[in-house]
Amino acid sequence: AQEIDVPKAKEEFESCKARATDANPYMEYRLAKCYLEGKGTAQNETLGMEWMNRAARSGSGDAQSYLEVLGRKAH
């Protein structure tokens with residue numbers, strides 16, 4: 001089942017990446033999660049946190065909550 005999910009995860013990652021703009025903080029959050037979890041792309045905590053902070057600054061409540069749990073604030 002894992003192998004079947006790989007193309008779907010990559011497709012989801014590419015979709016999030018294409019739609020992650022300041023006009024869509026939810027997609028910024030989803031892209032951050034893809035990077036942080038390595039879904040559809042190589043895991044990259046640095047890029048994941050950059051996108052998570054960007055999403056939080058753009059108004060994503062999910063991203064703000066995620067950062068609060070980590071004890072980090074968006075700059």
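**Exercise 1.** With which residue does Arg54 form a salt bridge, and how far apart are the closest N and O atoms?

*Solution.* The model is a predicted one.
Step 1: find the partner. Arg54 is paired with Glu28 in a salt bridge, and the closest N and O atoms are 3.4 Å apart.
Step 2: check the distance against the cut-off. A salt bridge requires the nitrogen to be within 4 Å of the carboxyl oxygen, and 3.4 Å is the value for Arg54 and Glu28.
Step 3: Arg54 belongs to helix α3 (residues 45-58) and Glu28 to helix α2, so the pair ties together parts that are 26 residues apart in sequence.
Step 4: compare their surroundings. Glu28 is buried, at a relative accessible area of 0%, whereas Arg54 is partly exposed at 29%.

**Exercise 2.** Which parts of the chain does the salt bridge of Glu12 and Arg30 tie together?

*Solution.* The side chains of Glu12 and Arg30 meet at 2.6 Å, N to O.
Step 1: assign the elements. Glu12 is in helix α1 (residues 2-19) and Arg30 is in helix α2 (residues 25-37), so the bridge joins parts that are 18 residues apart in sequence.
Step 2: read the accessibility. Glu12 is partly exposed, with a relative accessible area of 31%, and Arg30 is partly exposed as well, with 22%.

**Exercise 3.** Describe the salt bridge of Glu37 and Lys33, and place it in its network.

*Solution.* Step 1: take the distance. The closest N and O atoms of Glu37 and Lys33 are 3.0 Å apart.
Step 1: take the spacing. Glu37 and Lys33 are four residues apart in helix α2, which means about one helical turn between them.
Step 2: recall the helix geometry. An α-helix has 3.6 residues a turn, so residues three or four places apart point the same way.
Step 3: read the accessibility. Glu37 is partly exposed at 38%, and Lys33 counts as partly exposed at 22%.
Step 4: Lys33, Glu37 and Lys39 are linked in a network of salt bridges. The count for the model comes to five salt bridges.

**Exercise 4.** What is the volume of the largest pocket, and which residues lie nearest its centre?

*Solution.* Step 1: give the volume. The largest pocket has about 240 Å³.
Step 1: list the lining. It consists of 13 residues, and Ala9, Glu12, Cys34, Glu37 and Lys39 lie nearest the centre.
Step 2: trace the lining to helices. Both α1 and α2 supply at least two residues each, and the largest share, six residues, is from α1.
Step 3: connect with the earlier exercises. Glu12, from the bridge to Arg30, is among the residues nearest the pocket centre. Glu37 and Lys39, from the salt-bridge network, are also among them.

**Exercise 5.** Which residues of α3 are buried, and against which helices do they pack?

*Solution.* The chain has four helices and zero strands, in the pattern α-α-α-α.
Step 1: check the helix length. α3 has 14 residues and spans 20 Å from its first C-alpha to its last, close to the 20 Å expected.
Step 2: name the buried residues. In α3 these are Gly48, Met49, Trp51, Met52, Asn53, Ala55 and Ala56.
Step 3: find their packing partners. The buried residues of α3 pack against α2 and α4 (61-70).
Step 4: Buried residues make up 31% of its 75 residues.

Technical notes
Residues numbered from 1 in each chain as written. Predicted model: local features only at pLDDT ≥ 70, side-chain atom pairs only at ≥ 80, totals over all residues. Heavy atoms only, no water. Buried < 20%, exposed > 50% of the residue type's maximum accessible area, 1.4 Å probe, protein only. 1 Å grid on protein atoms, 1.4 Å probe; cavity = no way out; pocket = protein on both sides within 12 Å on 5 of 7 lines; lining within 4 Å. Points joined across faces, edges and corners; volume = space filled by probe spheres on them. Expected span 1.5 Å × (residues − 1). Contact = heavy atoms within 4.5 Å.
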